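Hi,

Here is the model I promised to send over. My notes on it follow below the structure.

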Amino acid sequence: MSIESQNVTDYPNSNTIFMVWKLHENASQLKDVFQRLCALMLNLNNSAFNRFPDSRASGVMGIGYEAWKKLELPTPMPKELACFEEIRGDKHTAVSTPGDLHFHLRADNQSLIFDMSIEISKLLNPVAESILEIHGFKYWDARSILGFVDGTENPHGEDREYFAKIGEEDLQYKGGSYLFVQKYLHNMAAWKSLSTEDQEKVIGRSKENDIEMSDEVKPANSHIALANIEGENGEELKIIRDNMPFGNPSTNEFGTYFIAYASTFTTINKMLTNMFVGNPPGNYDRILDFSTAKTGTLFFVPTRNMLDDFAG
Ligand code: HEM
């Protein structure tokens, strides 16, 4: 049978619900619920595809390191599945926060993912507690709340598959992915106090038309100068990002839910180190002076075949 991945390479759409759950210790029905959850995820995806093909709906489930152990899933584990170790720079820290199960529910039609999240929550409530729920949305032409277009340099075509999914290096988990998420809150007052020109220097691209600055002009501490990394042989290393803005204007809470899928967590970790510690150390990412990472959690995304096995 061919390997079928979960929908990690889908393109961003208009609405997203992110949920992170923590499993109760020693819940007696834990394994039984997890079996039914795996079946439910396959069912929800198949049903949405069949009923509303134009809505581009999908639900991707990721499993954290602690959960893998609690659920006694197969050993050896996926090679890079571990608790994310915080990255501490002189000024900013990529914190590490707990999370057992992560759900990334996407659709153009919000009702669809709302109902998906209800079904998942109904099943999980007796054995787990919800520790994060964020409803993200496409803001104008895919802009972050900071006003800059987000997602432009994501890979496409074969590159998208290659950079998102585990290959021959971990045969048992081929077709799976690593998933890393961070909830960022933006200091909008500080951000808005910058001129557009200064904001552009923070990102490394123009605000209105989303054009990359030339290397001569782009500051070394701009976001894209530090996030754009190469391998030992000069090859570009990419990840698949599907960040979503969220916000509650009445409480002045505005943020970006950073989400990335990758064939190897090493690439994401290198980008984070560049951003938080800096490259060279001390030359950290200026975007962090306006955006604080409140969470940081690593998950593994099994293939659909694995979900089918887990469902029994
Ligand atoms: C506050 C959180 C963040 C915001 C608002 C943000 C926003 C942006 C924007 C506006 C761009 C330029 C357009 C694009 O190519 O997408 C960008 C590029 C990029 N970001 Fe972020 N980003 C955030 C966090 C991160 C983190 C944590 C990582 C990696 C761990 C990352 C990795 C990248 C990469 C790889 C690029 C493309 C660089 C290139 O090849 O030009 N971003 N981001």
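For the metal site, I counted as donors N, O and S atoms within 2.8 Å of the metal (3.2 Å for Na, K and Ca), and water is not among the atoms, so sites may look incomplete. On that basis the iron atom of the ligand has a single donor from the protein: NE2 of H223, at 2.0 Å. H223 sits in helix 7 (residues 223–227); helices (H or I, at least four residues) and strands (E, at least two) are DSSP runs, numbered from the N terminus.

Before you read on: this is a predicted model, where local features need pLDDT of at least 70, side-chain atom pairs count only at pLDDT 80 or more, and totals for chains, interfaces and linings use all residues. Residues are numbered from 1 along each chain as its sequence is written, and side-chain values use heavy atoms, with hydrogens and water left out.

Now helix 4 (residues 157–164). R160, F163 and A164 are buried there (under 20% relative accessible area; exposed is over 50%, partly exposed in between, with a 1.4 Å probe and protein chains only). These three cover an arc of only 95° around the axis, so they are on the same side of helix 4; the arc is that of the directions from the helix axis to the C-beta atoms. E158 and Y162, on the other side, are exposed. The buried residues pack against strands 7, 9, 10 and 12, with contact meaning heavy atoms within 4.5 Å.

Strand 12 also pairs with strand 11 (residues 244–248), antiparallel over 5 bridges; pairing takes at least two DSSP bridges. F246 stands opposite G255 in strand 12.

Cheers
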